[in-house]
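Dear colleague,

Please find the structure below, handed over for your own work.

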Amino acid sequence: MIRARGLTKTFSRRKETVEAVKGIDVDVAEGELVAFLGPNGAGKSTTLRMLTSLLEPTAGEATVAGYDVVAHPAQVRARLGFIGQGNGGGFSYKVVDELHNQGRFYGLAPEVYKERAADLMAALELGGLEKRSVQSLSGGQRRRLDVALGLMNHPPLLFLDEPTTGLDPHSRANLWGHITAMRERYGMTVVLTTHYLDEADSMAERVVVIDHGEIIADAAPGVLKRRHADDSLTLVVATDDGAAVRAALPDDLGDAELTAHGTGLQVRVRTAQGAEELPVVIEALRVAGITTTSASARQASLDDVFLNLTGRSLREEAAA
Ligand SMILES: Nc1ncnc2c1ncn2[C@@H]1O[C@H](COP(=O)(O)OP(=O)(O)O)[C@@H](O)[C@H]1O
Ligand SMILES: [Mg+2]
């Protein structure tokens, strides 16, 4: 559905040049849901704008829905829905008028766009809000309306730029639910961007991590965590004999950090598969005559992945 090679965008403003996107290669298959994850300024919006033909690449090429984005922008646009960052649209319009206008924009017949609008309002929990002005909607309702607008032409491919930004966690999860439901319903391919690690982690099947205009990782969240970050185990043992603890721990574990904990020791180790390794460690300690009094495994997060790949914490950047 998408094939991009060496996609590059350099902006020149005054004396400065900004390499916003530095030669991205990416393929998205039909029906995939892909999340582009990266901090502010990473180049996510610029990438989406090139893939939707809104912005001409400085170099490289992209084929989207079968058409080259530079040579055939109209054909590309006819096959996609695009919901840009922040909300567009007339503030004082009524919800239903926004949807109908969108239908007219796509050249749909009145009976078609009216039916679609009604259908999408029901599907996206906007029923009863037909006559409300767009500006009176809540943040979550606004974004669901944006999604409805993007779906009026039943595109095979939907782009959403930071659809959940600014929403509370409940509304974010709700919107993801709707996006995945719409994708099932229409068999769509969906490409969205986010800077929220937790939602990319829990919701996305595939995460393309982008930083400083480059793709630095591309896989399922579980795979990224296995490849680029370790889980950690924390145990408390009843002995203060550090040498005995180290000797008892399985060899394939990394170096253990031991700290005094009451009359015993706290043991911290990193491992690829924490949940599986924890009982093995407890058993190894037991065999060596060491009693474990508490134990927990912490799974690596996508933040650990980002930190290990870039040396920076995306969580802190997002908060800053
Ligand atoms: N029209 C523009 N002119 C100059 N610089 C731009 C323009 N659009 C984006 N940039 C710069 O390109 C970089 C990537 O921006 P953007 O794609 O919006 O990132 P993201 O969406 O990941 O936050 C940033 O450094 C941004 O300031
Ligand atoms: Mg952006």
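An open sheet of 4 strands has the order β2-β1-β4-β5, with antiparallel pairing (two strands pair if DSSP finds at least two bridges between them; helices, H or I with at least four residues, and strands, E with at least two, are DSSP runs numbered from the N terminus). Its edge strands, β2 (16-28) and β5 (67-68), each pair on one side only. Strands β1 (residues 2-13) and β4 (residues 59-64) run antiparallel and are joined by 5 bridges; Arg3 stands opposite Thr63 in β4.

This is a predicted model, in which local features need pLDDT of at least 70 and side-chain atom pairs count only at pLDDT 80 or more, while totals for chains, interfaces and linings use all residues. Residues are numbered from 1 along each chain as its sequence is written, and chains are lettered from A and ligands numbered from 1 in the order in which they are written.

A further open sheet has 6 strands in the order β6-β7-β8-β3-β9-β10, and its pairing is mixed. Because β6 and β10 (214-219) stand at the edges with a single partner strand each, one side of each is left without a neighbour in the sheet. From one strand to the next, the twist averages 15° (axes are lines fitted to C-alpha atoms, for helices over the stretch in contact, and angles run from 0 to 180 degrees between N-to-C directions). β7 pairs with strand β8 (residues 189-194) in the parallel sense over 4 bridges, and Thr189 in β8 is the bridge partner of Leu157. Helix α1 (residues 44-51) packs on this sheet, touching β3 (33-37), β7, β8 and β9 (206-211), and its direction makes about 155° with that of β8 (contact requires C-beta atoms, placed from the backbone, within 7 Å). α1 also lies across β1, β2 and β4, at about 120° to β1.

The largest nonpolar core has 70 residues, of which Leu37, Leu51, Ala148, Phe159 and Ala200 touch the most other members. Such a core is a set of buried Ala, Val, Leu, Ile, Met, Phe, Trp, Tyr and Cys residues joined through C-beta atoms within 7 Å; buried denotes 20 or more other C-beta atoms within 10 Å of a residue's own, exposed 12 or fewer, and partly exposed in between, with C-beta atoms placed from the backbone. A second, separate core of 12 residues includes Leu233 and Val281.

Key. Contact = placed C-beta atoms within 7 Å.
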